[in-house]
Amino acid sequence: MTAPGENLRINGDRLWDSIMEMARIGPGIAGGNNRQTLTDADKEGRALFQRWCDDAGLSMGVDKMGTMFMTRPGTDLDALPVYVGSHLDTQPTGGKYDGVLGVLSGLEIVRSMNDLGIKTRHPIVVTNWTNEEGARFAPAMLASGVFAGVHTLDYAYARKDFDGKTFGEELERIGWVGDEEVGARPMHAYFEYHIEQGPILEAENKQIGVVTHGQGLWWLEFTLTGKEAHTGSTPMAMRVNAGLAMARVFEMVQTVAMDNQPGAVAGVGQVKFSPNSRNVLPGTVVFTVDLRSPDRAKLDAMRVRIEAEAKTIAGALGVDCAVEAVGHFDPVTFDPTLVERVRKAAEDLGYTHMDIVSGAGHDACWAAKVAPATMVMCPCVDGLSHNEAEEISREWAAAGADVLFHAVIETAEIVE
């Protein structure tokens, strides 16, 4: 296996320009993006990515989940591909870099290989996974989950957004139902480059995060059912207040997370009141608790405690409490050989680096179930993500892409 020379770099300006051009599609209201999965904006972003890949000489495959696989052939027709990618979909108030950085850095690797005349024994496949965010259709990392055999295709197609539209219907509507069976592609290795989405790298003044593990996660969807009633004329002692039960559950979730420090987080980011009127007590409240830890025993114990205490809280108020797990993955240990390859690339290139655990879930977490996988991370300003104010520097983006470049082409084996 030939290692890449230390002088090899991607074109940082071209990468940055591509990120900024993609950000014009599905603009947010405060400088970020709203390019949720299977929307018209997602369709437009996919078309731009496809055009760029065509220009770079890549051939496209699309599976039945709409995931895009863009292939640069290797010299050995029998060699399994090295995959590199992330996602182009965003949160409703998302940033310009979350996911996009990883997809377009994969494309930039191919463009740089073309510029430099580099050939590899293994093919390289740049991947755009469908519905990583899970903002519109829960759970997150849906397409990679089907790919890894965690979910069935029927399950994925039946997922509904808040308007009752199904994943399968919307995928067909935007014209991205592929003909490949999901999960039929064997992988030699999988790499994913992402912003940290946390404050550690910036606080430690490190350019590169060498991702060794990923936190496990539970998403628990609670449905609290009380009784709709007039807020002005219903006596306090006669209310069956699902909103009050929700508030007390929120406080309990915070307590459980704090009781499990260090190495655990939990919170609520999505709530739906019904009927959501100023002068009507809610009859139904639906919300999702997101809890995470790299320690599986701690993660599962938190889930058990939160579910039990929520039912006690609701019961004391006469409110019914139903819980459904709508997302889950166990903590992940990434492939030690690939992790070391990323670490060595950072060292050879002279970039400051540190080992880090991913606090967020990524498609790499599911890819790791079917192939050796790892991640590279770069800092983001103030650790802010899933926010339109999300920001990174051009230099941070390029540094991580350089490390990704070296790790990927070494794994794909350069041919002299």
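Predicted model: local features only at pLDDT ≥ 70, side-chain atom pairs only at ≥ 80, totals over all residues.
Let us start in the interior. In general, nonpolar side chains in soluble globular proteins tend to be buried together. Here the largest nonpolar core holds 100 residues, and the members that touch the most others are Met-22, Phe-49, Leu-104, Phe-191, Ile-392 and Val-403. Helix 12, spanning residues 394-412, supplies the largest share of this core with 11 residues. A second, separate core has 25 residues, including Phe-222, Ala-310, Ala-314 and Leu-317.

Setting aside neighbours within four places in sequence, Val-403 contacts Ile-208, Val-342, Ala-345, Ala-346, Leu-349, Tyr-351 and Val-376.

From here, follow helix 12 to its meeting with helix 1, which runs over residues 12-22. The axes of these two helices lie 9 Å apart and the packing angle is about 115°. An angle from 65 to 115 degrees counts as roughly perpendicular, and that is how helix 1 is placed relative to helix 12. The crossing of helix 1 past helix 12 is right-handed. On the helix 1 side, the contact is formed by Gly-12, Asp-13, Leu-15 and Trp-16, which meet Arg-394, Ala-397, Ala-398 and Ala-401 of helix 12. Sorted by class, the residues of this contact are 5 nonpolar, 1 polar and 2 charged.

Now turn to another helix pair, helix 8 (residues 242-259) and helix 9. Their axes come within 10 Å and cross at roughly 150°. Because angles over 145 degrees count as roughly antiparallel, helix 8 and helix 9 are described as roughly antiparallel to each other. Helix 8 also passes helix 9 in a right-handed crossing. Helix 8 brings Ala-245, Arg-248, Val-249, Met-252, Val-253, Thr-255, Val-256, Ala-257 and Asp-259 to the contact, while helix 9 brings Met-302, Arg-305, Ile-306, Glu-309, Ala-310, Ile-313 and Ala-314. This contact divides into 11 nonpolar, 1 polar and 4 charged residues.

Helix 9 itself covers residues 296-316 and includes Glu-307. Is this glutamate, Glu-307, buried or exposed? Glu-307 has a relative accessible area of 17%, and because buried means under 20%, Glu-307 counts as buried. Beyond residues up to four places away in sequence, Glu-307 touches Leu-220 and Val-323.

Next comes strand 6, residues 189-195, where Ala-189 is found. Ala-189 is buried, at 1% relative accessibility. Not counting residues up to four places away in sequence, Ala-189 touches Pro-81, Val-82, Tyr-83, Leu-338, Pro-372 and Thr-411. How far apart are the C-alpha atoms of Ala-189 and Phe-222? These two residues are 33 places apart along the chain, and their C-alpha atoms are separated by 38 Å.

We end in a loop, the one between helix 5 (153-157) and helix 6 (167-173), where Lys-165 sits. Lys-165 has a relative accessible area of 40% and is partly exposed. Apart from residues up to four places away in sequence, Lys-165 touches Arg-136, Phe-137, Arg-159, Lys-160 and Glu-170. With Arg-136, the separation is 29 residues in sequence and 9.8 Å in space, C-alpha to C-alpha.

Note on methods
Residues numbered from 1 in each chain as written. Heavy atoms only, no water. Helix = DSSP H or I, 4+ residues; strand = E, 2+ residues; numbered from the N terminus. Buried < 20%, exposed > 50% of the residue type's maximum accessible area, 1.4 Å probe, protein only. Contact = heavy atoms within 4.5 Å. Axes fitted to C-alpha atoms, helices over the stretch in contact; angles between N-to-C directions. Parallel < 35°, antiparallel > 145°, perpendicular 65-115°, else oblique. Left-handed = near helix turned anticlockwise from the far one by under 90°. Nonpolar A, V, L, I, M, F, W, Y, C, P; charged D, E, K, R; others polar. Core = buried A, V, L, I, M, F, W, Y, C linked by side-chain atoms within 4.5 Å.
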